[in-house]
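Open the model in your viewer and keep the selection tool ready. The tour goes stop by stop, with something to select at each one.

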Amino acid sequence: MMYYPIMLDLTDKKITVIGGGRVAYRKATHFLTFNGQVTVVSKKFVKSFEDSKGNIQLIQDSYRETYLEKSYIVVAATDDKALNAQIGDYCQKHQILCNVVSNPSLSSFIMPSFIKRGDLIISISTGGNSPALARRIKRELEGKYNEDYEVYVKLLGQIREHIVCQALDEAEKATLLNSLLDMNRKGLQFYLEQLESMK
């Protein structure tokens with residue numbers, strides 16, 4: 001199966017996770033990172049859910065189709081494969097994005113490993129062939145793209161706003177923007193200060 005990489009705006013979108021185990025918790029917290037409105041339905045929850053219930057709406061109940069209504073994304077993460085398949089089938093019929101953790105073939109999307117450094121997001125996927133390899137690559141990239149990149153990317157964005165407003169042709173702007181990538185964080189900060197002082 002081939003998947004198309006895409007970035008989704010999840011702000012205030014309804015995300016429903018069915019299942020209360022460790023996998024469900026990991027999926028739910030990932031959606032919270034991107035400002036999704038997460039609801040988790042399960043008869044039982046691992047303790048991690050109880051510790052974060054202020055951020056996640058917990059519904060202690062058996063699965064019902066009504067819980068999926070108006071969902072933007074659904075994750076079927078129970079330990080019952082037949083139930084997961086039932087959820088996947090419902091979502092397919094109602095055109096709801098769904099991830100069935102026990103069966104990628106029933107999913108309309110899969111959730112890659114990712115690194116988030118502010119606005120810099122790097123996704124890693126093997127199409128479900130080797131999650132272990134995806135985790136290894138993630139560890140390697142985490143070492144290369146450390147927490148400093150959050151500020152670095154923000155500085156690049158602020159400087160770009162100044163440059164795109166200048167009376168330069170597109171080729172000159174592209175050359176200037178590319179040259180910024182050779183600067184370190186301190187260099188970018190100094191450059192931004194110079195631009196702002198010229199206002």
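Start by selecting helix 5 and helix 7 (residues 185–197), whose axes come within 10 Å and cross at roughly 30°. Angles under 35 degrees count as roughly parallel, so helix 5 is roughly parallel to helix 7. The crossing between helix 5 and helix 7 is left-handed. Bear in mind throughout that this is a predicted model.

Now show the side chains where these two helices meet. On the helix 5 side, the contact is made by D148, V151, Y152, L155, L156, Q158, I159, H162 and I163. On the helix 7 side, look for R185, L188, Q189, Y191, L192, L195 and E196.

How far apart are the axes of helix 5 and helix 6? They are 11 Å apart, and the two helices pack at an angle of about 160°. Angles over 145 degrees count as roughly antiparallel, and helix 5 and helix 6 are therefore roughly antiparallel to each other. The crossing of helix 5 and helix 6 is right-handed. From helix 5, the residues in this contact are Y152, L156, I159, R160, I163 and V164. From helix 6, they are K173, L176, L177 and L180.

Next, select L156, which is found in helix 5. Is L156 buried or exposed? Its relative accessibility is 18%, so L156 counts as buried. Leaving out residues up to four places away in sequence, L156 touches L180, L181 and L188. For a sense of scale, pick T11 as well: T11 and L156 are 145 residues apart along the chain, and their C-alpha atoms are separated by 24 Å.

Move to K173, whose place is in helix 6. K173 has a relative accessible area of 11%, so this residue is buried. Which residues does K173 contact, leaving aside its neighbours within four places in sequence? The contacts are I163, V164, Q166 and L168.

The next stops are about aromatic rings. A pair of aromatic rings is described by the distance of the centres and the angle of the planes. The count for this model comes to 5 aromatic pairs. For one of them, select Y25 and F49, an edge-to-face pair with 5.2 Å from centre to centre and 90° between the planes. This pair links distant parts of the chain: Y25 is in helix 1 (residues 22–33) and F49 is in helix 2 (residues 47–51), 24 residues apart. Y25 is partly exposed, at 24% relative accessibility, whereas F49 is buried, with a relative accessible area of 0%.

Y149 and Y152 are edge-to-face, with their centres 5.5 Å apart and 70° between their planes. Y149 is partly exposed, with a relative accessible area of 24%, while Y152 counts as buried at 13% relative accessibility.

Ring pairs link Y25, F45 and F49 into a cluster.

For the last stop, select K13 and Y72. K13 lies over the face of Y72, at 5.3 Å from the ring centre.

Terms used:
Residues are numbered from 1 along each chain as its sequence is written. This is a predicted model: local features need pLDDT of at least 70, side-chain atom pairs count only at pLDDT 80 or more; totals for chains, interfaces and linings use all residues. Side-chain values use heavy atoms; hydrogens and water are left out. Rings of Phe, Tyr and Trp (its six-membered ring) pair if their centres lie within 6.5 Å; planes under 30 degrees apart count as stacked, over 60 as edge-to-face and the rest as tilted. Helices (H or I, at least four residues) and strands (E, at least two) are DSSP runs, numbered from the N terminus. Buried means under 20% relative accessible area, exposed over 50%, partly exposed in between (1.4 Å probe, protein chains only). A charge sits over a ring if NZ of Lys or CZ of Arg is within 6 Å of the ring centre and within 35 degrees of the ring normal. Axes are lines fitted to C-alpha atoms, for helices over the stretch in contact, and angles run from 0 to 180 degrees between N-to-C directions. Angles under 35 degrees count as roughly parallel, over 145 as roughly antiparallel, 65 to 115 as roughly perpendicular and the rest as oblique. A crossing is left-handed if the near helix is turned anticlockwise from the far one by less than a right angle, and right-handed if clockwise. Contact means heavy atoms within 4.5 Å.
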